[in-house]
Amino acid sequence: MTDPGRGARWDATWRMVLRQEANVSAAVGLLVLIIWVLSGGGFWPRWVWFGLAVPLALQAGVRRGLRAPWGQRLLTVHGAVSVVLAFTALAIWVLAGASRAFWPVWPALGLGIAFALHGWIRHGLSAGRERALLDRVDVLTRTRSGAVDVQAAELRRIERDLHDGAQSRMVSVAMNLGLAEELLDKDPQLVAELVAESRSSMLTALDELRTVMRGIQPPVLADRGLAGAVRALALHLAVPVTVAGEIPGQAPPPVESAVYFAVSECLANVVKHSGAQRADVDLGYRDGVLWVVVSDDGDGGASVTAGTGLRGVALRLEVFDGTIALTSPAGGPTVVRMEVPCELSSPRT
Amino acid sequence: MRVVIAEDLTLLRDGLARILRAHDIEVAAAVGDPVALATALEEEHPDIAIVDVRMPPTFTNEGLVAAIGARNRRPGMPVLVLSQYVEPLYARELMLSGAAGVGYLLKDRVADVGAFVDAVRRVAGGGTVLDPDVVTSMLSHRDRGQAMARLTAREREVLAFIAEGRSNAAIAAKLVVTPKAVDKHINSIFMKLDLPLDADDNRRVLAVLRYLQAD
């Protein structure tokens with residue numbers, strides 16, 4: 001859209017042109033009238049007036065048309081011009097003597113058909129666009145509620161992991177030390193055991209906290225980017241995983257995070273359910289789409305239905321208009337392809 | 001004294017059992033879910049049940065529900081409910097089933113082993129024990145305004161101890177004053193709050209709790 005200042009200047013220019021033209025037309029018309037009165041001939045000035053009036057009428061029609069709301073302007077201007085032209089034909093017929101054959105009906109018909117055609121096409125176009133917009137609203141509503149579900153489930157998981165893990169260990173340590181305090185003089189043997197157990201519990205609690213933190217925001221993702229983080233992930237797994245491909249830049253952090261956890265979920269499935277001997281992760285970026293393919297030579301039978309981790313992955317990717325496609329016939333192999341449209345910013349330094 | 005423990009986290013279940021046994025309290029059964037708890041209560045008839053609020057299958061408030069259910073089946077059955085976070089709402093619901101022989105404590109309190117064992121004995125004996133955090137929130141949450149403003153700071157302290165379920169002697173020890181001084185404070189409190197005075201410790205606690213909970 002042009003800036004409003006420019007629009008206002010255009011408006012002012014148009015108005016000035018119209019005013020000037022009206023002034024000039026009036027002046028010339030008056031002059032012609034004076035000449036006619038002085039020369040005393042037939043009523044010829046009517047043609048001059050007609051010639052001056054037509055551009056004025058056309059301009060007025062177009063200006064009226066331009067005032068219509070955006071999107072309907074072309075149609076309204078077309079309509080206004082058609083009406084002016086039709087009346088022009090009528091005026092010519094009248095001025096030429098109103099002959100018996102009412103020929104203006106032909107141009108009027110032609111103009112009418114052209115206008116109707118234009119209107120029909122516009123309606124078709126706008127209906128199509130409206131449908132596209134409604135579909136988009138549906139997609140956005142669904143993915144938004146999906147995103148909310150995924151986030152709520154994640155928060156519940158984190159709360160439960162903290163409650164059952166790190167927090168309960170610390171309660172246990174407090175209990176042990178409390179008892180140890182009491183029995184310091186009475187049963188040193190038991191106290192030694194309690195203290196040793198407390199130390200080991202605290203170390204486990206730290207481990208559990210680290211796991212929770214990794215589940216929220218893996219440090220290596222911020223450090224090495226998506227490809228690097230996936231490589232790091234592949235190192236720790238029970239099944240040998242080969243990671244290939246590069247992403248020439250940095251995807252937006254929420255997209256990186258979603259894709260990282262998606263790959264993590266797929267690889268976890270490979271290790272837990274597939275019985276595979278090896279797996280491959282290929283990633284890349286092409287034509288504005290970040291893509292990742294996770295494949296394994298296991299037993300297959302995976303699905304994106306409710307209850308599996310892949311459902312959560314699909315919901316997370318959908319938020320970014322991403323897709324997940326799964327081929328997993330019984331007997332294997334399984335191939336999961338995920339795509340997310342996104343912009344890359346310049347690579348990390 | 002015989003106890004049934006219901007706690008789904010093995011680490012804590014064993015820890016509780018160890019503490020109780022170290023104080024000559026017999027652990028008749030240690031279970032990890034509400035169904036096993038109901039069975040254990042039926043079979044063992046313990047003097048008190050120590051129950052975690054959160055248990056399978058939903059890990060929300062199964063323990064609380066089981067405790068209230070047990071008290072409905074056997075009115076007055078002493079139950080001490082433990083939780084890793086304090087929710088005054090749960091304290092309320094628990095006390096709807098009668099406030100005698102009811103306790104609600106944060107698991108952290110177990111670290112003060114002596115006080116914990118004391119609380120277990122008190123609840124088993126029909127007393128009431130409320131976590132100080134719950135009492136604090138009860139005292140501060142309700143804008144008692146004028147009534148509470150009439151109490152002196154010392155009297156508010158004593159009121160808090162009564163709400164936690166402590167006896168006169170215990171309060172005197174905690175505040176390092178004579179039992180007679182505590183008596184005077186209590187008389188003054190009850191008069192200012194328009195509460196009926198009662199020699200029975202437990203009925204006193206109930207009166208205060210009712211006052212604090214009143215909407």
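This is a predicted model: local features need pLDDT of at least 70, side-chain atom pairs count only at pLDDT 80 or more; totals for chains, interfaces and linings use all residues.

Residues are numbered from 1 along each chain as its sequence is written, chains are lettered from A and ligands numbered from 1 in the order in which they are written, and side-chain values use heavy atoms, with hydrogens and water left out.

Q: Why is B:N168 called buried?
A: Buried means under 20% relative accessible area, exposed over 50%, and partly exposed in between (1.4 Å probe, protein chains only). B:N168 has 17% relative accessibility and therefore counts as buried. B:N168 belongs to helix α9 (residues 168-175) of chain B; helices are DSSP runs of H or I with at least four residues, strands are runs of E with at least two, and both are numbered from the N terminus. Leaving aside residues up to four places away in sequence, B:N168 touches B:V182, B:D183, B:I186, B:D201 and B:R204, where contact means heavy atoms within 4.5 Å.

Q: What makes B:G98 partly exposed?
A: Its relative accessibility is 28%, so B:G98 counts as partly exposed. B:G98 is found in the loop between α4 (88-96) and β5 (102-106) of chain B.

Q: How do you know that the span of helix α1 (residues 10-21) of chain B agrees with what it should be?
A: The expected span is 1.5 Å times one less than the number of residues. The 12 residues of this helix should therefore span 16 Å, and the end C-alpha atoms are 16 Å apart, which agrees. Among the buried residues of α1(B) are B:L12, B:L16 and B:I19.

Q: What does a search for disulfides find over all chains?
A: A disulfide is a pair of cysteine sulfur atoms within 2.5 Å, and the search of the whole structure finds 0. A:C266 counts as buried because its relative accessibility is 4%, and A:C342 is buried because its relative accessible area is 9%.

Q: Which helix gives the most to the lining of the largest pocket?
A: α7(A) does, with 10 residues. The lining has 36 residues, and A:R157, A:G215, A:F261, A:S264 and A:E265 lie nearest the pocket centre. A pocket is an open set of points on a 1 Å grid over the protein atoms alone, where a 1.4 Å probe fits, with protein on both sides within 12 Å along at least five of seven lines; lining residues have an atom within 4 Å of a point.
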